[in-house]
Amino acid sequence: MEVEVKVRLPDSTSHQKLSTLLSPFHTKTLLQENVFFDGSDSQLSSNLAVLRLRFITTTATATAPNHCVLSLKAQPVISQGISRAQELEEPMDPTLGRACIAEPWRLLSVTDSAIVERVKQEFGVSGLVCLGGFRNVRSVYDWQGLKIEVDETNFDFGTCYEVECETGDPERDKKVIERFLEDNGIGFEYSQVSKFAVFWSGKLPLS
């Protein structure tokens, strides 16, 4: 079970202010490309499951993604700024990942993947379609014993800004993050939906 604190920032000004305040604690910046798949008969989305390939570049000067991760998230619930979801992740060769985008059937042909096996057996998927996706710039900070991730997510229809923190004690850590934002005059709202849900809706969340 993946448990995260998720709060949404209102605009680029708030994002920049927070990034500046956290800059002494910066550890890395990740350039992420997220691409999603569903069964040809919507078997995943109809069961609140998301199959994703994420291509990750760890420096802005890299000419190609450093690595690729296949993930399956299921039964997500977001309430009061806390997200809970079942999640499986596996590394994948980036070249194979690119081939799967062009020809989604290749993903179901991967024989050594527990995720692919679950997609086929549990969800009854025999064919995949590529849904497209979005890009995300993730700045990671080691602050107050927490791993804080500050995201700038670029959809075709606009940009969202969000703070995430994976945690074993979400209520405690949410209060720590809220207090820091409030003390520094940074507005925020609890995230109500996942980034995938925003992508799939085709519009930015309303404030």
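Modeller: Start with the classes used for linings. Ala, Val, Leu, Ile, Met, Phe, Trp, Tyr, Cys and Pro count as nonpolar; Asp, Glu, Lys and Arg count as charged; the others, Gly among them, are polar. Keep in mind that this is a predicted model.

Colleague: How does one find empty space at all?

Modeller: Rolling a probe the size of a water molecule over the atoms shows where empty space is left. In a cavity, the probe fits but cannot get out. This structure holds 1 cavity of 30 Å³ or more. The volume of the largest cavity is about 50 Å³.

Colleague: Which residues line the largest cavity?

Modeller: Leu 18, Leu 22, Trp 143, Ile 148, Val 163, Ile 177, Phe 180 and Leu 181. Now apply the classes. The lining has 8 nonpolar residues, no polar and no charged. Helix H1 (12–22) and helix H5 (170–183) each give at least two of the lining residues. H5 has the largest share, with 3 residues.

Colleague: And the open spaces? What is the volume of the largest pocket?

Modeller: A pocket is an open set of points, unlike a cavity. The largest pocket here holds about 920 Å³ of space. Its lining counts 39 residues, and Glu 2, Arg 52, Arg 54, Lys 73 and Glu 87 are the closest to the centre.

Colleague: How does the lining of the largest pocket divide by class?

Modeller: Into 16 nonpolar, 8 polar and 15 charged residues. E4 gives the most to this lining, with 6 residues.

Colleague: What is the volume of the second largest pocket, and which residues lie nearest its centre?

Modeller: About 170 Å³. There are 16 lining residues, and Arg 8, Ser 191, Val 193, Val 198 and Pro 205 lie nearest the centre. Two or more lining residues come from each of strand E7 (146–155), strand E8 (158–166), strand E9 (189–190) and helix H6 (195–201). E8 makes the largest share, 3 residues. By class, this lining has 8 nonpolar, 4 polar and 4 charged residues.

Colleague: Now the packing. How many residues does the largest nonpolar core have?

Modeller: A nonpolar core joins buried residues through side-chain atoms within 4.5 Å. The largest one here has 22 residues, and Leu 51, Leu 53, Leu 70, Leu 107 and Val 119 have the most contacts inside it. Strand E2 (26–39), strand E3 (49–57), strand E4 (67–79), helix H3 (105–108) and helix H4 (114–121) each supply at least two residues of this core.

Colleague: Which residues does Leu 51 touch?

Modeller: Leave out residues up to four places away in sequence. Leu 51 then touches Val 35, Phe 36, Phe 37, Leu 44, Leu 70, Ser 71, Leu 72, Leu 107, Ile 115, Val 119 and Leu 128.

Colleague: How many helices and strands does the chain have?

Modeller: It has 6 helices and 9 strands. Of the 207 residues, 46% count as buried. Take contacts between residues at least 6 apart in sequence: 64% of these join residues at least 24 apart.

Colleague: What is the radius of gyration, and what does it agree with?

Modeller: Compare the chain with a compact globule. For 207 residues, such a globule would have a radius of gyration near 17 Å, and the chain has 17 Å, so the two agree. The C-alpha atoms fill a box of roughly 50 × 35 × 30 Å along the principal axes.

Terms used:
Residues numbered from 1 in each chain as written. Predicted model: local features only at pLDDT ≥ 70, side-chain atom pairs only at ≥ 80, totals over all residues. Heavy atoms only, no water. Buried < 20%, exposed > 50% of the residue type's maximum accessible area, 1.4 Å probe, protein only. Helix = DSSP H or I, 4+ residues; strand = E, 2+ residues; numbered from the N terminus. Contact = heavy atoms within 4.5 Å. 1 Å grid on protein atoms, 1.4 Å probe; cavity = no way out; pocket = protein on both sides within 12 Å on 5 of 7 lines; lining within 4 Å. Points joined across faces, edges and corners; volume = space filled by probe spheres on them. Rg over C-alpha atoms; globule rule 2.2 N^0.38 Å.
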